[in-house]
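Please look at the sequence and the structure first.

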Amino acid sequence: STNIHDVTERKAAEEALRESRQLLLDVTDNSLNLMYIVDTEGRFLLANRRLSRLFGLPEEQIVGRTRLAFLPPEVADSHRANDLQIIRDRLPRVFEESNLEADGPHTYQTAKYPLFRKDGTIYAVGGMSTDITERKQAEAHRDLRSAVLQILNEQEGPEDSIRRVLGVLKNRTGFEAVGIRLQAGDDFPYFHQEGFPEDFLATENSLAEC
């Protein structure tokens with residue numbers, strides 16, 4: 001009878017665990033954010049539907065694996081470093097995290113928080129990531145526009161202003177090279193450029209047909 005009682009209690013506990021997990025999934029799967037839980041070794045314990053779509057795999061193929069199975073090493077290591085900070089400090093914190101996706105780089109605002117056992121030890125880190133890529137791009141464009149307008153409004157000659165604007169464009173956009181062409185007779189040679197190699201300029205400076 002004792003054994004039957006123990007088995008009944010164990011089955012009831014397992015059923016309660018399944019129900020609580022299903023409830024958690026029901027909540028997280030309806031979120032527009034990425035939501036997940038990783039253990040202290042970085043293995044996924046839970047991944048919501050949005051994260052599953054991002055990785056292109058069902059949750060059961062994500063759970064038990066680390067980010068290294070789905071993300072470039074430098075991205076996975078950066079996210080893992082933030083997990084470790086949460087574990088070390090034992091406090092929630094918001095991070096700005098980057099990710100490389102099929103359509104290019106994305107930026108997320110990620111809230112991470114420790115999950116504790118009854119004895120006070122941490123067994124996992126929870127995370128909720130909101131895609132702020134469009135907002136970051138809009139901020140960058142606004143800052144770039146302000147910097148260019150400030151240069152153009154200063155009392156400098158047009159040549160110096162153009163050089164400074166090109167420098168700002170190169171630094172803010174991350175382009176390897178930028179340049180501007182001005183008309184000179186029937187041609188449009190580079191008036192100023194930054195980053196183009198000499199051999200390129202030797203053959204491409206002129207737009208006039210030879």
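Which residues of helix H3 are buried? In this predicted model, the buried residues of H3 are Val75, Ala76, His79, Asn82, Asp83, Gln85 and Ile86. They pack against four strands: E1 (34–39), E3, E4 and E5 (122–131).

**The helix**

H3 covers residues 73–89, which makes 17 residues. From its first C-alpha to its last it reaches 24 Å, close to the 24 Å expected at 1.5 Å a residue. Just after H3 comes arginine 90, whose phi is positive, at about 60°.

Asparagine 82 is found in H3. Why is asparagine 82 counted as buried? Its relative accessibility is 13%, and buried means under 20%, so asparagine 82 counts as buried. Leaving aside neighbours within four places in sequence, asparagine 82 is in contact with Phe95, Glu97 and Lys112.

Strands of a sheet pair through backbone hydrogen bonds, either parallel or antiparallel. Here five strands form an open sheet in the order E2-E1-E5-E4-E3, and the pairing is antiparallel. The edge strands are E2 (44–47) and E3, each of which pairs on one side only. From one strand to the next, the twist averages 25°.

| Strand pair | Sense | Bridges | Residues standing opposite |
|---|---|---|---|
| E1 and E2 | antiparallel | three | tyrosine 36 and alanine 47 |

How many residues lie between E3 and E4 in their hairpin? There are two residues between these strands.

**Helix against sheet**

In a regular strand the side chains alternate between the two faces of the sheet. Which strands does H3 touch as it packs on the sheet? H3 touches E1, E3, E4 and E5. The direction of H3 makes about 165° with that of E3.

Taken together, the buried residues of H3, asparagine 82 included, pack against E1, E3, E4 and E5. E3 is also an edge strand of the sheet and forms a hairpin with E4.

Technical notes. Residues are numbered from 1 along each chain as its sequence is written. This is a predicted model: local features need pLDDT of at least 70, side-chain atom pairs count only at pLDDT 80 or more; totals for chains, interfaces and linings use all residues. Side-chain values use heavy atoms; hydrogens and water are left out. Two strands pair if DSSP finds at least two bridges between them. The expected span of a helix is 1.5 Å times one less than its number of residues. Buried means under 20% relative accessible area, exposed over 50%, partly exposed in between (1.4 Å probe, protein chains only). Contact means heavy atoms within 4.5 Å. Axes are lines fitted to C-alpha atoms, for helices over the stretch in contact, and angles run from 0 to 180 degrees between N-to-C directions.
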